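Here is a guided walk through one model, written for someone who likes to know how each value was defined. Please keep the viewer open while you read.

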Amino acid sequence: MKLIYEKSIKGRIGFSMPEDRFEDINVKDCIPEYALSKEKKELPEVSEVDVVRHFTTLSKINYGVDTGFYPLGSCTMKYNPKINEKLANLEGFTFAHPLADIKHFQGSLELMYELEQLLKEITGMDRFTLAPGAGAHGELVGVLIMGKYFEDSGKPRHKMIVPDSAHGTNPASSAMAGFKVVEVKSNERGTVDIEHLKSLMDEDTAGIMLTNPNTVGLFETDITEITKIVHGKGGLLYYDGANLNALLGIVRPGDTGFDIVHLNLHKTFSTPHGGGGPGAGVVGVKNHLIEFLPSPIVCKCDDFYSLEYPKKSIGRIRAFFCNFSVLVKAYAWILSMGKDGLKEAARVSIINANYVLSKLKPYYRPAYDRFCMHECILTGRDYKEYGIKTLDIAKRLMDYGFHPPTIYFPHFEPYAHETIMVEPTESESKETIDEFINAMIKISKEAIENPELLKSAPHSTPIRRADETKATREPILKFEEK
Amino acid sequence: MQRGMKNTEKSSLRYIPNTKEQQEEMLKEIGVPSFGHLLNSIPVGIRLKSDLKIPDKISEQELFEKIHKISQKNLNFIDFKPLIGAGSYRHYIPEVVRTVVSYSEFYTAYTPYQPEISQGTLQTMFEVQTHLTRLTGMDVVMPSIYDGASATAESVLMALRINNKKKVLLSSLLHPHYKETVKTYTKSHWIEIIEMPQKEGSIETEELKKLIDSDTACVVVQNPNFFGGIENIELISNIAHENGAIVILIVIESLSLALLKSCKKTGADIVAGETQSLGMDLNFGGPYNGFIASKENYIRQIPGRIAGETTDVEGNRAFVMALRAREQDIRREKATSNLCSNHALNLFAINAYISLLGKEGLYRLAVLNTKSAHYLRSKLIETGKFYGDDYPFFNEFVLRTKDDPKLIREKLFKAGFLPPLKVSDFFPALENNLLFAVTETLSKEDLDKVVDIIRSL
């Protein structure tokens with residue numbers, strides 16, 4: 001597929017501009033010579049129809065949830081309702097300037113306030129910031145709050161406990177906030193090793209970052225014990241909300257002892273992933289941490305919404321307020337589902353994942369042979385002897401029309417390696433899931449009978465298997481005319 | 001309503017296809033007598049005892065009416081011509097841009113982990129990387145992070161990694177939200193952050209010389225600055241480089257790049273910024289899109305996702321995520337950043353916008369912005385009601401008034417303009433100063449109307 005630069009024809013344009021009626025003004029008199037570019041920047045020259053066809057073609061070589069089943073574990077690729085897109089694009093919202101007078105954006109603040117009330121109830125937390133643009137952004141906020149809390153108490157703490165099964169963002173966020181990362185091991189059941197945790201938790205440890213259900217799709221059954229251990233040493237519990245979908249209406253992280261919670265609105269709350277974003281990684285805290293929230297937060301007083309600057313705030317983490325349009329979509333989804341619908345989403349996501357697990361476990365040995373929550377962790381390890389890597393299985397799935405699950409994550413010895421993490425979500429019908437299961441079973445047979453078919457897969461995609469190593473070894477990161 | 005009816009109602013949710021019967025069938029296949037069995041790992045004591053206190057579901061029609069009504073509680077912004085910018089600029093967005101970002105193959109996809117079925121996203125990343133290298137003149141670009149403020153903070157962290165020094169000089173004319181974000185992000189690094197003073201709309205280079213020393217990691221300068229002023233970056237770069245400091249140039253009104261000299265030629269080592277101006281709605285401040293560009297030699301210190309060109313097994317050109325070893329999913333706590341996503345959808349907007357305007361269009365639009373802003377400023381000065389420092393600017397400028405700025409803003413508002421920002425909101429010492437932004441969305445008639453209002457005060 002040609003690049004837009006390769007379609008460029010000198011003299012073409014795809015835009016009509018208001019006439020320049022300031023003929024007596026010369027740019028050279030406005031901008032000093034030292035600052036002015038001598039030449040125009042070499043951008044493509046194409047017409048409007050060229051642009052539309054370019055992107056329509058690009059859309060045909062991209063796979064999204066609307067294309068088909070996208071069981072990317074840990075990412076909760078559920079259906080993104082169309083009405084929510086329309087609502088987020090209402091002109092009353094999209095034209096709102098963030099530094100206009102506060103009385104002029106009462107609607108935006110009302111929506112933020114109302115969303116916060118719903119999220120508080122869903123999670124059992126006391127107050128939220130809606131500022132973070134993604135889960136990792138929320139994590140950074142969370143760990144900065146933890147740091148500030150201990151600093152404020154006069155006894156700063158320097159370590160953070162992160163399970164070996166955690167998302168890579170947890171240790172990376174902790175490091176950004178200046179914490180030394182200490183890894184707690186998983187036990188043979190796939191959950192936090194309590195004895196190990198006890199030996200690690202001390203009074204120089206700020207707390208633990210925990211995902212629950214964790215990244216192997218299992219509920220941390222000992223959560224109450226974990227809370228006791230961490231709180232017992234004065235530490236805080238951070239909840240990574242990547243997997244909240246399984247718990248909607250069943251368990252609230254706030255009720256299980258968590259002090260800080262981040263939610264990925266683009267996962268559990270149905271807002272689209274946008275090819276990587278924008279999402280929103282809102283953060284909720286318990287009362288004792290509200291004063292540390294990033295500024296500003298929304299408050300309501302006598303039917304007037306205003307912005308508040310918490311007095312010991314960690315500070316700003318972005319310009320302006322939030323990824324507003326993402327919030328509109330999450331709010332709309334919660335209202336569309338209602339309290340019973342949220343519970344139904346959790347229920348069906350759990351049934352769907354366990355159905356996949358039960359059907360596929362004879363073919364892809366699971367990391368842990370237990371019932372799972374909203375996602376299951378299979379492995380491709382038994383096909384190694386046929387020269388097949390888990391990657392080959394994933395690539396072959398594309399030939400059957402599916403987006404592959406997450407592979408090689410989580411990764412920790414001895415239980416979780418060569419992992420295939422399947423998260424069907426509640427959006428998928430039994431028929432679709434059965435088709436996926438059948439494809440996976442066929443692939444397991446191909447792996448033994450015709451391994452070359454997998455090793456050279458995919459065969460029917462817009463491009464064949466791409467050399468990712470080359471892109472790093474000899475990076476070409478921009479187009480240059482030959 | 002009858003009980004039985006209510007139950008049927010509950011089970012039919014348009015976003016959840018599996019019927020109760022199918023769910024039961026699946027539970028049977030799983031081999032459990034009931035759904036509750038699958039929850040055995042959750043201690044009963046911590047489960048919710050009652051329903052969540054949130055409303056029952058509403059229909060799509062009710063939802064539309066409810067949220068539409070909330071949106072109408074905002075000012076009907078679309079009917080007001082904006083004289084305010086300050087980091088969020090209203091430009092006209094061609095309809096094609098909106099069409100492109102509405103393609104669901106783009107917006108319902110995720111991070112392009114599987115290049116074979118993600119070429120649309122990856123090629124767009126690569127194309128935007130190319131656009132931004134050409135606009136900035138820099139060698140490499142990481143095209144997407146949350147926003148310009150977080151890009152600025154990440155670029156400061158990048159500089160600290162590169163030279164391990166402990167002092168950061170920030171332009172006092174860096175957007176105040178960006179300044180605060182840098183402070184939040186660098187809190188655990190125990191660095192000293194010093195603001196370089198400004199005089200008459202530009203950084204005071206003599207003061208910079210006094211503040212800078214061999215322990216200075218980087219000098220962070222916004223251009224055009226918060227007051228719209230165009231800095232002499234070459235002068236600042238020379239001083240910084242003499243002291244071994246990295247020059248970080250921050251660009252927030254990114255349309256200016258079409259007109260201004262290549263950032264690399266002016267001595268910038270890193271450029272970080274915001275691309276909202278290139279095809280994104282104001283959206284009450286987000287989502288926007290930040291980027292970081294740099295010289296070739298810093299390539300492995302850049303955080304975030306970058307697309308690279310490679311080939312597939314048949315030798316065809318293909319795009320993939322490149323230089324992945326910098327990232328958190330591989331390096332965990334040793335990664336360049338915790339970034340795990342980007343604002344890829346906004347890259348489609350930028351790509352469509354830049355492609356439509358192209359070489360000529362973007363240049364002419366930048367020229368039109370410059371001229372419109374200069375026209376308004378000179379006419380306002382002519383009224384005798386405004387005066388101000390005479391610094392070079394792009395499409396924003398600060399003027400002082402002897403009249404009541406509150407009254408001026410009210411009058412402009414009543415006449416259908418979104419009034420300029422009170423500079424004292426961010427710089428309390430600068431009372432009676434207004435920051436005007438002028439984009440192509442204001443016609444010559446609009447500008448003349450502004451001038452008439454001021455004249456008649």
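## Backbone exceptions

Asp302(A) in this predicted model is exposed, at a relative accessible area of 74%; buried means under 20% relative accessible area, exposed over 50%, and partly exposed in between, with a 1.4 Å probe and protein chains only. Asp302(A) is not a glycine, yet has a positive phi of about 50 degrees. You will find Asp302(A) in the loop between β8 and β9 (304-308) of chain A. Helices (H or I, at least four residues) and strands (E, at least two) are DSSP runs, numbered from the N terminus. Asn432(B) sits in the loop between β16 (421-422) and β17 (433-437) of chain B and counts as partly exposed at 33% relative accessibility.

For background, most residues other than glycine have a negative phi, and most peptide bonds are trans. Two peptide bonds to look up in chain A are cis: Ser295(A) to Pro296(A), with omega near -10 degrees, and Glu413(A) to Pro414(A), with omega near -5 degrees. Pro296(A) belongs to the loop between β7 (283-285) and β8 (297-301) of chain A, while Pro414(A) belongs to the loop between β11 (406-407) and β12 (419-422) of chain A.

## Ground rules

Residues are numbered from 1 along each chain as its sequence is written, and chains are lettered from A and ligands numbered from 1 in the order in which they are written. Because the model is predicted, local features need pLDDT of at least 70 and side-chain atom pairs count only at pLDDT 80 or more, while totals for chains, interfaces and linings use all residues; side-chain values use heavy atoms, leaving out hydrogens and water.

## A mixed sheet in chain B

Chain B has an open sheet of seven strands with mixed pairing, in the order β2-β10-β9-β8-β7-β3-β4; two strands pair if DSSP finds at least two bridges between them. The edges are β2 (140-145) and β4 (192-196) of chain B, and each has a single partner strand, so one side of each lacks a neighbour in the sheet. From one strand to the next, the twist averages 20 degrees; axes are lines fitted to C-alpha atoms, for helices over the stretch in contact, and angles run from 0 to 180 degrees between N-to-C directions.

Within this sheet, β8 (residues 246-251) and β9 (residues 270-274) of chain B pair in the parallel sense over four bridges. Ile250(B) has Ala272(B) of β9(B) opposite. Helix α8 (residues 176-185) of chain B packs on the sheet, where α8 touches β3 (167-171), β4, β8 and β9 of chain B; contact means heavy atoms within 4.5 Å. The direction of α8 makes about 165 degrees with that of β4(B).

## Buried helical residues

Helix α7 (residues 169-176) of chain A is mostly covered, with seven of its eight residues buried. Among them are Thr169(A), Asn170(A), Pro171(A) and Met176(A). Just after α7(A) comes Gly178(A), with a positive phi of about 90 degrees.

In chain B, Gln123(B) lies in helix α6 (residues 119-136) and is buried at a relative accessible area of 1%. Not counting residues up to four places away in sequence, Gln123(B) touches Met1(A), Lys2(A), Leu3(A), His54(A), Leu58(A) and Phe319(B).

## Cavities and a pocket

On a 1 Å grid over the protein atoms alone, a cavity is a set of points where a 1.4 Å probe fits but cannot get out, and a pocket is an open set with protein on both sides within 12 Å along at least five of seven lines; lining residues have an atom within 4 Å of a point. Grid points are joined across faces, edges and corners, and a volume is the space filled by probe spheres set on the points. The structure holds seven cavities of 30 Å³ or more, and the largest cavity has a volume of about 120 Å³. Its lining has 14 residues, with Asn223(B), Ile233(B), Leu260(B), Lys261(B) and Thr266(B) nearest the centre.

The second largest pocket has a volume of about 800 Å³. Of its 35 lining residues, Asn89(A), Thr94(A), Arg98(B), Val101(B) and Asp281(B) lie nearest its centre. Helix α4(B) gives the largest share of this lining, four residues.
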